[in-house]
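Reader: I'd like to learn how to read aromatic rings in a model. Can you walk me through it?

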Amino acid sequence: MESSTAIQLAADAVLLLHALFVVFVVSGLVLILLGGALGWAWVRLRWFRITHLAAIGVVVVQSWLGVICPLTSLEMALRNRAGASSYPGSFIAHWVERILYIQAPSWVFVACYTAFGMLVAAAWFRVRPRERGWRPAE
């Protein structure tokens, strides 16, 4: 395998990881709210809820500080190193990137990330995680 091809594949892998992170954050909130309404016990797992809250928390803090996501930085560095062409990456990578990286002023992202983070925090109180040692009634 050619060196630039391997680097391009690494960039695609980082893009996929980034997309999965976004899916986790967005679908996590939907599943928490839906699961709370339908009585799904797993949406109250403390480790899941802390991981979910921390994930959006990092995004919100990065946006407030004006820090570019490290996954974005890594992906772009790999693409530059690979000498990315006018059609960056594979077909799937191209379309995932177009969906993931929407062009808008930075304040729009800060506002959206903050609002979404507030929804996740509100869900913490609406669908409370289990206390340690707590078990649902049989």
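Reader: Let's start with one side chain: is Phe48 buried or exposed?

Author: First, the ground rules: this is a predicted model, where local features need pLDDT of at least 70, side-chain atom pairs count only at pLDDT 80 or more, and totals for chains, interfaces and linings use all residues. Residues are numbered from 1 along each chain as its sequence is written, and side-chain values use heavy atoms, with hydrogens and water left out. Buried means under 20% relative accessible area, exposed over 50%, and partly exposed in between (1.4 Å probe, protein chains only). Phe48 has 9%, so Phe48 is buried.

Reader: And how many aromatic pairs does the structure hold?

Author: A pair of aromatic rings is described by the distance of the centres and the angle of the planes. Rings of Phe, Tyr and Trp (its six-membered ring) pair if their centres lie within 6.5 Å; planes under 30 degrees apart count as stacked, over 60 as edge-to-face and the rest as tilted. The structure holds five such pairs. One of them, Trp40 with Trp42, is stacked, at 6.4 Å centre to centre and 15 degrees between the planes.

Reader: Why is the pair of Trp47 and Phe48 edge-to-face?

Author: Because the planes of Trp47 and Phe48 stand at 80 degrees, with the ring centres 6.3 Å apart. Trp47 is exposed, at 59% relative accessible area, whereas Phe48 is buried.

Reader: Which residues form the aromatic cluster?

Author: Phe24, Trp40, Trp42, Trp47 and Phe48 make up one cluster. Within it, Trp40 is partly exposed at 30% relative accessibility, and Trp42 is partly exposed at 38%.
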